[in-house]
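Grab a pencil and work through these exercises with the structure open beside you. Try each task before you read its solution.

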Amino acid sequence: MIQLLFILMFSEMAAILLLLFKTPLRKLLIMAFDRAKRGKAPLVVKSVAATVFVIMMYNVYAVRDIQSRPVESRNPTDQILLADYMLQASLIGFSLFLSFMIDKLHHYIRELRMLRKAMETAKNQSCSFEDSKNNGAGELKDLGDEVSNLRTKIKELESDCESKDNEIKSAQSSLVALKSQSEGYVEEISRLQHENQNFQNQLQTLDNSLSHSDGKKNM
């Protein structure tokens with residue numbers, strides 16, 4: 001029993017040393033602990049730890065029982081049993097303490113790994129965010145240049161529209177002037193036609209009167 005406890009204690013000490021230093025065996029040991037904590041393994045480990053704790057308490061009770069006896073009534077066998085029980089209780093207690101330390105070290109190492117992964121993920125996300133920010137800044141700059149070009153084109157089109165409007169207004173004013181001038185021409189033509197008609201009527205009247213006077217002379 002004592003030899004088994006010594007082997008267990010030294011194995012636990014070796015496991016703690018492997019967990020403390022970063023070596024290839026550390027990864028294998030962590031993988032083994034990860035698999036051991038899956039399924040029903042934690043329940044089995046707790047049951048074994050409870051059994052070992054009960055054995056330790058029995059040894060402590062035996063030590064207390066032997067120490068409670070009078071010194072005169074103790075024999076050499078009691079002295080040997082006392083030393084054996086004390087050694088077993090000490091080894092079992094130290095083994096339980098080392099197993100508790102191994103469990104906590106494994107837990108902290110896993111937490112540290114998860115924290116490092118989270119930090120790396122956050123770092124990658126921040127790098128991608130910076131890249132996207134830089135790309136967004138470049139895109140915004142391109143959009144700003146395009147907007148400025150469009151504004152310049154809009155101003156040019158507005159100036160062209162204003163010039164076209166001015167040309168249309170001048171053409172409309174010319175059309176109005178031509179229309180008024182044509183109306184004057186039409187009035188002048190109608191007046192001339194009326195005067196011409198009057199002249200023709202006067203000439204015809206004059207011709208008629210002349211022909212009538214010539215006819216009287218011939219008679």
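**Exercise 1. Is tyrosine 85 buried or exposed, and which residue does its ring pair with?**

Step 1. Tyrosine 85 has a relative accessible area of 17%, so it is buried. The cut-offs, with a 1.4 Å probe and protein chains only, are under 20% for buried, over 50% for exposed, and partly exposed in between.

Step 2. Before going on, note that this is a predicted model: local features need pLDDT of at least 70, side-chain atom pairs count only at pLDDT 80 or more, and totals for chains, interfaces and linings use all residues. Residues are numbered from 1 along each chain as its sequence is written, and side-chain values use heavy atoms, with hydrogens and water left out.

Step 3. Now for the pairing rule: rings of Phe, Tyr and Trp (its six-membered ring) pair if their centres lie within 6.5 Å; planes under 30 degrees apart are stacked, over 60 edge-to-face, and the rest tilted. The count comes to two aromatic pairs.

Step 4. One of the pairs is phenylalanine 6 with phenylalanine 10, which is stacked, at 6.2 Å centre to centre and 20° between the planes. These two phenylalanines sit four residues apart in helix α1 (residues 2-20), so about one helical turn separates them. Phenylalanine 6 is partly exposed, at 31% relative accessible area.

Step 5. Tyrosine 85 pairs with tyrosine 58, edge-to-face, with 6.4 Å between centres and 80° between planes. This pair links distant parts of the chain: tyrosine 58 is in helix α3 (residues 41-67) and tyrosine 85 in helix α4 (residues 76-218), 27 residues apart.

**Exercise 2. Which residues of α1 are buried, and why are they on the same side?**

Step 1. Helices here are DSSP runs (H or I, at least four residues), as are strands (E, at least two), numbered from the N terminus. With 19 residues, α1 reaches 27 Å from its first C-alpha to its last, close to the 27 Å expected at 1.5 Å a residue. That expected span is 1.5 Å times one less than the number of residues.

Step 2. The buried residues of α1 are Leu5, Met9, Glu12, Ala15, Ile16 and Leu19. They cover an arc of only 120° around the axis, which puts them on the same side of α1. The arc uses the directions from the helix axis to the C-beta atoms.

Step 3. Here's the rule behind it: an α-helix has 3.6 residues a turn, so residues three or four places apart point the same way.

Step 4. Turned away from that buried side are the exposed residues Gln3, Ile7, Phe10 and Leu17.

Step 5. Zoom in on glutamate 12, which is buried at 9% relative accessible area. Leaving out residues up to four places away in sequence, glutamate 12 touches Phe94, Ser95, Leu98, Ser99 and Ile102. Contact means heavy atoms within 4.5 Å.

**Exercise 3. Which residues of α2 are buried, and which are exposed?**

Step 1. Helix α2 (residues 24-36) has 13 residues and reaches 19 Å end to end by C-alpha, close to the expected 18 Å.

Step 2. Arg26, Leu29 and Ile30 are buried in α2. Seen down the axis, these buried residues fall within an arc of 100°, so they line one face of the helix.

Step 3. On the other side of α2, Pro24, Leu25, Lys27, Leu28 and Arg35 are exposed.

Step 4. Ile30 also turns up among the contacts of histidine 106, together with Leu19, Phe33, Asp34 and Lys37, once neighbours within four places in sequence are set aside. Histidine 106 belongs to helix α4 and is buried at 1% relative accessibility.

**Exercise 4. Why is the protein more spread out than a compact globule?**

Step 1. The protein has four helices and zero strands.

Step 2. Its radius of gyration is 62 Å, well over the 17 Å that the globule rule gives for 219 residues, so the protein is more spread out than a compact globule. The radius is taken over C-alpha atoms, and the rule is 2.2 Å times the number of residues to the power 0.38.

Step 3. The C-alpha trace spans about 210 × 30 × 30 Å along its principal axes, and buried residues make up 12% of the 219 residues.
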